[in-house]
Amino acid sequence: MRTSARPPADDPRPPPPETEALRRALERAELLVIALDAAGALAAVGQALRLARRLGDAAAAGRAHAIAAAGHYYRGDYVAAVASGIDACAIDGAADAPTGAKAMLGIAMSFVSVGELPRAEEAARRAVRLASQAQ
């Protein structure tokens, strides 16, 4: 079941408390990973994943794993970054374009860091393809 952590803009009903908590956890995780607070971002990702599983929200789970890929990369755990990026795409099927692009970017950066340049190049190409679809 694919749902969204955010209700449609024209929906007058407020989101359920768990849905709002999921939205806030994902937003917090994204802000923390941008601030290079990998530990804080991964803690927020953990909370988001628990909520996403409880709500059956595959899109939010995929987004959380894409954020985790960047958090693991910044921690220097390149294997976990690649695994999280793969999970982001696997959990949400092909993943939506922005989530897939972020996941592939985390994978590409991790492959560069361990000297796997052909794999990094392929992941980067996929990230660019997905990012161009997101526009």
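Reader: Why does Arg 54 count as exposed?

Author: Its relative accessibility is 55%. Exposed means over 50%, buried under 20%, and partly exposed in between, with a 1.4 Å probe and protein chains only. So Arg 54 counts as exposed at 55%. This is a predicted model, where local features need pLDDT of at least 70, side-chain atom pairs count only at pLDDT 80 or more, and totals for chains, interfaces and linings use all residues. Residues are numbered from 1 along each chain as its sequence is written, and side-chain values use heavy atoms, leaving out hydrogens and water.

Reader: What makes Glu 18 and Arg 54 a salt bridge?

Author: Their closest N and O atoms are 2.7 Å apart. A salt bridge needs a side-chain nitrogen of Lys or Arg within 4 Å of a carboxyl oxygen of Asp or Glu. The 2.7 Å value is within 4 Å, so the pair qualifies. Glu 18 sits in helix H1 and Arg 54 in helix H2, 36 residues apart. Helices here are DSSP runs (H or I, at least four residues), numbered from the N terminus.

Reader: Why is Glu 18 called partly exposed?

Author: Its relative accessible area is 31%.

Reader: Why is Arg 23 called buried?

Author: Its relative accessible area is 18%. That is under 20%, so Arg 23 is buried. Arg 23 also forms a salt bridge with Glu 27, with the closest N and O atoms 3.1 Å apart. Glu 27, at 36%, is partly exposed. Salt bridges with shared partners join Glu 20, Arg 23, Arg 24 and Glu 27 into one network.

Reader: How do you know that the span of H1 agrees with its 18 residues?

Author: The expected span is 1.5 Å times one less than the number of residues. For H1 that gives 26 Å, and its end C-alpha atoms are 26 Å apart, so the two agree.

Reader: Which residues line the second largest pocket?

Author: Among them are Glu 30, Val 33, Tyr 74, Lys 102 and Met 109. Helices H1, H3 and H5 each give two or more residues to this lining. A pocket is an open set of points on a 1 Å grid over the protein atoms alone, where a 1.4 Å probe fits, with protein on both sides within 12 Å along at least five of seven lines; lining residues have an atom within 4 Å of a point.

Reader: How much space lies in the second largest pocket?

Author: About 210 Å³. A volume is the space filled by probe spheres set on the points.
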